[in-house]
Amino acid sequence: VQLQASGGGFVQAGGSLRLSCAASGRTISTYTMGWFRQAPGKEREFVAAINWGGSRIKYTDSVKGRFTISRDNAKNTVYLQMNSLKPEDTGVYYCAGRQAATLVTSGYDYWGQGTLVTVSS
């Protein structure tokens with residue numbers, strides 16, 4: 001499966017962005033999907049994950065209440081709505097997929113190319 005992330009950009013603190021991750025090659029309807037990010041000079045970190053049906057979701061603490069992960073299996077696409085953005089949210093955001101029934105935050109097999117999010121203060 002190939003993953004294509006898009007929707008990144010430059011935004012002022014307090015603003016919003018919506019990231020999309022379009023999958024191709026095969027359906028992701030049975031995949032757990034996640035979003036990760038990597039800030040300059042830091043390691044990549046987990047941001048959010050959603051199970052195949054959308055019934056289970058997990059966020060890292062720093063984005064709870066501000067970010068929302070969702071999916072549309074009919075469109076083979078996963079989204080990350082980011083509100084109340086902060087400068088510390090700046091980084092390259094990656095979508096990832098793993099064919100797993102359980103909600104996982106690591107061990108993903110498929111990765112997109114990343115989309116840059118820059119939040120100014």
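A disulfide here is a pair of cysteine sulfur atoms within 2.5 Å. Keep that cut-off in mind. This is a predicted model. Search the whole structure, and you find 1 disulfide.

Which cysteines does it join? Cys21 and Cys95, with an S to S distance of 2.1 Å. That distance falls within 2.5 Å, so the pair counts as a disulfide. The two cysteines come from distant parts of the chain, 74 residues apart. Cys21 is in strand S3, residues 17-24. Cys95 is in strand S9, residues 91-98. Now the geometry. The angle about the S-S bond is 65°, and the link is right-handed.

Are these cysteines buried or exposed? Buried means under 20% relative accessible area. Cys21 has 0% relative accessibility, so Cys21 is buried. Cys95 has a relative accessible area of 1%, so Cys95 is buried too.

Next, Arg37. Arg37 is in strand S4, which covers residues 32-38. Why does Arg37 count as buried? Because its relative accessibility is 5%, and the cut-off for buried is under 20%.

What does the side chain of Arg37 touch through polar contacts? One partner is the side chain of Glu45, at 2.6 Å. The side chain of Asp89 is another, at 2.9 Å.

Set aside the neighbours within four places in sequence.

To recap: a disulfide joins Cys21 to Cys95, and the side chain of Arg37 makes polar contacts with Glu45 and Asp89.

Key: Residues numbered from 1 in each chain as written. Predicted model: local features only at pLDDT ≥ 70, side-chain atom pairs only at ≥ 80, totals over all residues. Heavy atoms only, no water. Helix = DSSP H or I, 4+ residues; strand = E, 2+ residues; numbered from the N terminus. Buried < 20%, exposed > 50% of the residue type's maximum accessible area, 1.4 Å probe, protein only. Polar contact = N/O pair within 3.5 Å; in protein donor to acceptor, adjacent residues only side chain to side chain. Contact = heavy atoms within 4.5 Å.
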